[in-house]
Amino acid sequence: RNQLWRVAGACSDHPLHDMPYADRLATLARHDIGLWDMIAQCRRVGSLDAAVKDASLHPLADYLKTAAPHLQKIGFNGALSWKLGHPLADHGYAVFKLPSSSPAAASVRFEDKLAVWKAMFAS
């Protein structure tokens, strides 16, 4: 029920939600789109962000400068990702708070989520 693949597919003009996982990742990579989880490790019972405990973060700033030196913008899928990641703006990235693709954010219509996501891709 998570809409990540549907919204990312609509932004990249590919039916990612219908593809095998490896093909999804390869398609995103061909379009210079990467996926990364802000959290390297945590304890969590269930799937809600509110259940995340004892989180340790990936050291993204250092990694990205080496692995993706031309990266200019980063979108954060949902409130927790934004909370943990928006300080990357201090490293020169344009950062975007995106509406969560999670089923927990079902009160936001898909079309409204897509409009915000597409605005990030267009900027």
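**View 1. Helices H1 and H5 make a right-handed crossing.** Here right-handed means that the near helix is turned clockwise from the far one by less than a right angle. This is a predicted model, in which local features need pLDDT of at least 70, side-chain atom pairs count only at pLDDT 80 or more, and totals for chains, interfaces and linings use all residues. Residues are numbered from 1 along each chain as its sequence is written, and side-chain values use heavy atoms, without hydrogens or water. The two axes, lines fitted to C-alpha atoms over the stretch in contact, come within 9 Å and cross at roughly 50°. Look for Leu4, Arg6, Val7, Ala10 and Cys11 of H1, which meet Phe110, Leu114, Trp117, Lys118 and Phe121 of H5 (contact: heavy atoms within 4.5 Å).

**View 2. Helix H1 (residues 4-12) is largely enclosed by the rest of the structure, because seven of its nine residues are buried.** Buried means under 20% relative accessible area, exposed over 50%, and partly exposed in between, with a 1.4 Å probe and protein chains only. Helices (H or I, at least four residues) and strands (E, at least two) are DSSP runs, numbered from the N terminus. The buried residues of H1 pack against helix H2 (21-30), strand E3 (73-77) and helix H5 (110-122).

**View 3. Asp54 and Arg43 join their side chains in a salt bridge (2.6 Å, N to O).** The term requires a side-chain nitrogen of Lys or Arg within 4 Å of a carboxyl oxygen of Asp or Glu. Asp54 is exposed at 57% relative accessible area, and Arg43 is exposed at 51%.

**View 4. Salt bridges link Arg109, Glu111 and Asp112 in a network.** Arg109 meets Glu111 at 3.7 Å, N to O, and Asp112 at 3.2 Å, N to O.

How values were computed
Axes are lines fitted to C-alpha atoms, for helices over the stretch in contact, and angles run from 0 to 180 degrees between N-to-C directions.
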